[in-house]
Amino acid sequence: METKRIAEVVENINYSYLLPAIQREFVWETSDIVDLFDSLLRDYPIGALLQWNLSAEEAQAQPKYRFVTHYVDEPNFPQSLTTPTHRNPPHNSEDPLPSPVKLVLDGQQRLTALNIGLTGSFYERKHNHPRNKASSWVQEATLSQPPLGPADSGLGTRQ
């Protein structure tokens, strides 16, 4: 089993790490994302990834999806985001692929949560909260730099 730093894996999401069409959508709740980051901060293990390594040529023939980066839980979203979604967008088949391409078979929920928390954003509407400009949206996570230092936790990958 190969061990990689979380920062290295997250940096390559939607480039060399993609999702095969057999994967379900991102289904984690806010509490699941918070629990994952809590585990990281406590230096608990967060599990391994199971990935299917393919050459660029082999991967080109497979239907692939990208990981969610900007998650919004309803169709009305802040205008500052132009393409938020809670669905995995299809990978553009015209984009060049590296070799190998890693199709994630197990670990998509964790990787998506890391991607949202470290490079993206997560918006949710508070229940029973009046809809107005000042309070309609709560931005849960937007980080420009990963909060983990050089000794960040490793994320095992299984090929």
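Which backbone nitrogen lies 2.9 Å from a polar atom of the side chain of S99? The backbone nitrogen of A56 does. That is a polar contact, meaning a pair of N or O atoms within 3.5 Å; within protein, one must be able to donate a hydrogen and the other to accept it, and residues adjacent in sequence count only if both atoms are side-chain atoms.

Some ground rules. This is a predicted model, where local features need pLDDT of at least 70, side-chain atom pairs count only at pLDDT 80 or more, and totals for chains, interfaces and linings use all residues. Residues are numbered from 1 along each chain as its sequence is written, and side-chain values use heavy atoms, with hydrogens and water left out.

Back to S99. It sits in the loop between β5 (70-72) and β6. Helices (H or I, at least four residues) and strands (E, at least two) are DSSP runs, numbered from the N terminus. Leaving aside neighbours within four places in sequence, S99 is in contact with S55 and A56; contact means heavy atoms within 4.5 Å. From S99 to E58 is 41 residues in sequence, and 9.5 Å in space, C-alpha to C-alpha.

Next, strand β6, residues 101-106. It pairs with β2 (residues 17-20) in the parallel sense, over two bridges. Pairing requires at least two DSSP bridges between the strands. L18 has L103 as its bridge partner in β6. With β3 (residues 48-54), β6 runs antiparallel, joined by five bridges. There, L50 stands opposite D106.

Now the interior. A nonpolar core is a set of buried Ala, Val, Leu, Ile, Met, Phe, Trp, Tyr and Cys residues joined through side-chain atoms within 4.5 Å. The largest one has 23 residues. I6, Y17, F67, L111 and L114 have the most contacts inside it. At least two residues each come from α1 (6-11), β2, α2 (30-41) and α4. Helix α4 gives the most, with five. Take L114: beyond four places in sequence, L114 touches I6, V10, L36, F37, L40, I46 and T119. Apart from this core lies another, of seven residues, including L54, A56, V101 and L103.

Last stop, T112, in helix α4 (residues 108-119). Buried or exposed? T112 counts as buried, because its relative accessibility is 0%. The cut-offs are under 20% relative accessible area for buried, over 50% for exposed, and partly exposed in between, with a 1.4 Å probe and protein chains only. The T112 side chain reaches the backbone oxygen of Q108 at 2.8 Å. Setting aside neighbours within four places in sequence, T112 is in contact with F26, F67 and V68.
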